[in-house]
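Here's a quick briefing to read with the model open beside you.

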Amino acid sequence: MNYTLNTLKYIAKNFLYVILFAVVPAVFFAISINEEATRSVLTNLLSGNPRDEFWNIFHTVSVFNFSSEKEVFSGITGLIVLIVCTAMLTAFLEKHMRIGKRTLNGLLSKVNDNLISTAGLVLLFVLIYEVWAIVLSALWYFVTSIPNVVIAYILLAFVYVFMTFVLLYAMSVFYLWMPCVQITGFTAFDALTYSYHLLAPIQLKLVLGQCGFLLMCEGLIAVVVMLLQGELAGLVVATVLYTAIILIYCIRMLVVYFDRAQLDRADLKKYY
């Protein structure tokens with residue numbers, strides 16, 4: 001089953017119902033981008049001298065980047081909004097896929113049930129990502145310190161792609177954990193065990209697909225920062241890309257879970 005294609009089809013059919021759940025946190029994450037550090041790193045990368053300061057690299061790849069109060073505030077606010085919006089989105093998706101109804105009735109009560117498990121998963125993913133950002137920044141700084149520029153570029157490309165794969169592989173262990181907890185009502189450990197049992201046969205294929213998509217989005221964000229000098233234009237494009245990442249990641253999570261758990265999807269039938 002092509003999960004990405006099915007996810008894109010779902011988004012196309014239900015765009016107006018799901019877009020707001022992703023665009024609000026996406027705005028805050030777009031604001032949290034440190035354009036100065038990102039432009040410095042990319043300018044050096046394209047100039048033939050890829051070496052940069054460790055903190056510039058970290059400020060480029062970190063969600064919070066800790067470079068100014070504005071970026072930190074935007075990142076933390078985006079995280080809080082993401083938890084709430086993800087809980088609402090998964091509640092909507094579960095209802096639509098299980099009974100075929102695209103309504104917001106009863107959504108808030110379901111969010112109350114989803115909020116703790118959603119917060120746990122999002123915070124876990126953020127912790128994994130920030131540790132990854134530190135390690136990647138250190139490796140980037142070390143590799144670009146190599147005197148031979150050609151070798152430095154080759155190793156940097158390998159390190160970045162490999163580290164992206166490692167990040168997504170680590171996250172994939174918990175990928176179906178949240179929908180499993182929310183749908184089955186299992187305890188956290190039982191849900192993790194069962195969800196990984198469902199995911200394991202397709203884990204590598206899923207991670208490779210996510211890796212390609214994430215690298216493409218990161219590349220587009222980098223191009224936006226480099227080419228669009230207007231702050232508003234850059235903010236709009238970055239928001240669009242973050243919205244796409246959030247929507248595809250969350251919706252594909254439910255698409256994969258329903259398929260692997262062999263649950264009938266009522267949204268694919270003409271019940272409404």
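How are α2 and α5 directed relative to each other, roughly parallel or roughly antiparallel? They are roughly antiparallel, a label used for angles over 145 degrees, while those under 35 are roughly parallel, 65 to 115 roughly perpendicular and the rest oblique. Keep in mind that this is a predicted model, where local features need pLDDT of at least 70, side-chain atom pairs count only at pLDDT 80 or more, and totals for chains, interfaces and linings use all residues. Residues are numbered from 1 along each chain as its sequence is written, and side-chain values use heavy atoms, with hydrogens and water left out.

**Helix α5 itself**
- Helix α5 covers residues 69-99; helices here are DSSP runs (H or I, at least four residues), numbered from the N terminus.
- Its 31 residues should span 45 Å at 1.5 Å a residue, and the end C-alpha atoms agree, being 45 Å apart; the expected span is 1.5 Å times one less than the number of residues.

**α2 against α5**
- Helix α2 (residues 15-31) packs on α5 at about 165°, with the axes 7 Å apart; axes are lines fitted to C-alpha atoms, for helices over the stretch in contact, and angles run from 0 to 180 degrees between N-to-C directions.
- Residues in the contact (heavy atoms within 4.5 Å) include F21, F28 and F29 of α2 and L82, M88 and F92 of α5.
- By class, this contact has 15 nonpolar residues, four polar and one charged; Ala, Val, Leu, Ile, Met, Phe, Trp, Tyr, Cys and Pro count as nonpolar, Asp, Glu, Lys and Arg as charged, and the others, Gly among them, as polar.

**α8 and its partners**
- The axes of α5 and α8 (residues 177-184) come within 11 Å and cross at roughly 60°, so α5 is oblique to α8.
- T86, T90, E94 and R98 of α5 touch M178, Q182 and I183 of α8.
- Helix α6 (residues 107-143) and α8 have axes that come within 10 Å and cross at roughly 160°, so those two are roughly antiparallel.
- Across that contact, K110, N114, S117, T118, L121 and L124 in α6 meet W177, M178, V181 and Q182 in α8.

**Salt bridges**
- The whole structure has two salt bridges, each a side-chain nitrogen of Lys or Arg within 4 Å of a carboxyl oxygen of Asp or Glu.
- R98 and E94 meet in a salt bridge at 2.8 Å, N to O.
- R98 and E94 sit four residues apart in α5, so about one helical turn separates them.
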